[in-house]
Amino acid sequence: MVSVTNTRADNYYNEKKDVLLILEKIYDPEIPVLTITEMGIVRDIRFHSDNSLEIVITPTYSGCPAMDVITFQIREALISAGYSDVKITQQLSPAWTTDEISESGKQKLKAYGIAPPDRRFSPPADGVECPLCHSANTKLISEFGSTACKALFQCLDCKEPFDYFKCH
Ligand SMILES: [Zn+2]
């Protein structure tokens with residue numbers, strides 16, 4: 001029996017997996033507990049016939065200053081892993097939404113003390129669940145938290161201030 005496998009496709013798949021393993025180690029500069037893959041920032045990995053490698057990323061929101069840092073980090077990580085011709089392109093459409101944050105990513109956000117985005121609520125009117133004591137008795141302190149992607153809330157029960165990752 002001769003098994004027919006498409007080796008080219010297999011290699012392609014394995015190479016993509018290698019690249020993904022590298023990208024999975026890059027953390028989002030704004031949320032240091034989440035990797036860029038957990039954030040859903042990486043849209044595609046493409047190998048081109050001229051041997052260049054293209055990484056397609058999407059900005060978490062337009063004009064996010066973290067994208068420059070992320071682009072730099074991706075390039076550096078891939079070059080030090082031996083990829084010499086690396087191109088990073090940004091895809092704006094379809095726009096990134098907080099729904100692209102993985103489930104494990106949302107749990108990590110919470111554990112880190114950032115309230116994860118929750119589409120059931122439209123803050124600040126409905127309040128946001130406090131990541132520390134889980135009270136929804138919270139109030140908006142500032143539209144902008146530690147970074148422009150976050151809003152600053154305070155819990156009225158445990159009194160702790162916390163960042164809320166804004167929905168897009
Ligand atoms: Zn609280």
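**Reading a helix, a core and a sheet**

Modeller: In α2, the residues Ala66, Ile70, Ile74 and Leu78 are buried. A residue counts as buried if 20 or more other C-beta atoms lie within 10 Å of its own, as exposed if 12 or fewer do, and as partly exposed in between, with C-beta atoms placed from the backbone. These four cover an arc of only 95° around the axis, which puts them on the same side of α2; the arc is that of the directions from the helix axis to the C-beta atoms. This is a predicted model, in which local features need pLDDT of at least 70 and side-chain atom pairs count only at pLDDT 80 or more, while totals for chains, interfaces and linings use all residues. Residues are numbered from 1 along each chain as its sequence is written.

Biologist: Which residues of α2 are exposed on the other side?

Modeller: Asp68, Phe72, Glu76, Ile79 and Ser80 are exposed there. Helices (H or I, at least four residues) and strands (E, at least two) are DSSP runs, numbered from the N terminus. Gly82, with a positive phi near 105°, follows α2.

Biologist: How should I read a nonpolar core, and which residues touch the most other members of the largest one?

Modeller: In soluble globular proteins, nonpolar side chains tend to be buried together. A nonpolar core is a set of buried Ala, Val, Leu, Ile, Met, Phe, Trp, Tyr and Cys residues joined through C-beta atoms within 7 Å. In the largest core here, which has 28 residues, Ile36, Ala115, Phe162 and Tyr164 touch the most other members. The largest share, four residues, comes from α2.

Biologist: Why does this core lie between domain 1 and domain 2?

Modeller: Domain bounds come from an automatic or database domain assignment. Domain 1 (7-96) and domain 2 (100-165) both give residues to this core, so the core lies between them.

Biologist: In what order do the four strands of the open sheet lie?

Modeller: Two strands pair if DSSP finds at least two bridges between them. The order is β4-β7-β6-β5, with mixed pairing. β4 and β5 are the edge strands, each pairing on one side only. Strands β6 (residues 150-155) and β7 (residues 161-165) run antiparallel and are joined by five bridges; Lys150 has Phe165 as its bridge partner in β7.

Biologist: Is Val128 buried or exposed?

Modeller: Val128 is buried, because 25 other C-beta atoms lie within 10 Å. Val128 is placed in the loop between β4 (114-115) and β5 (138-142).
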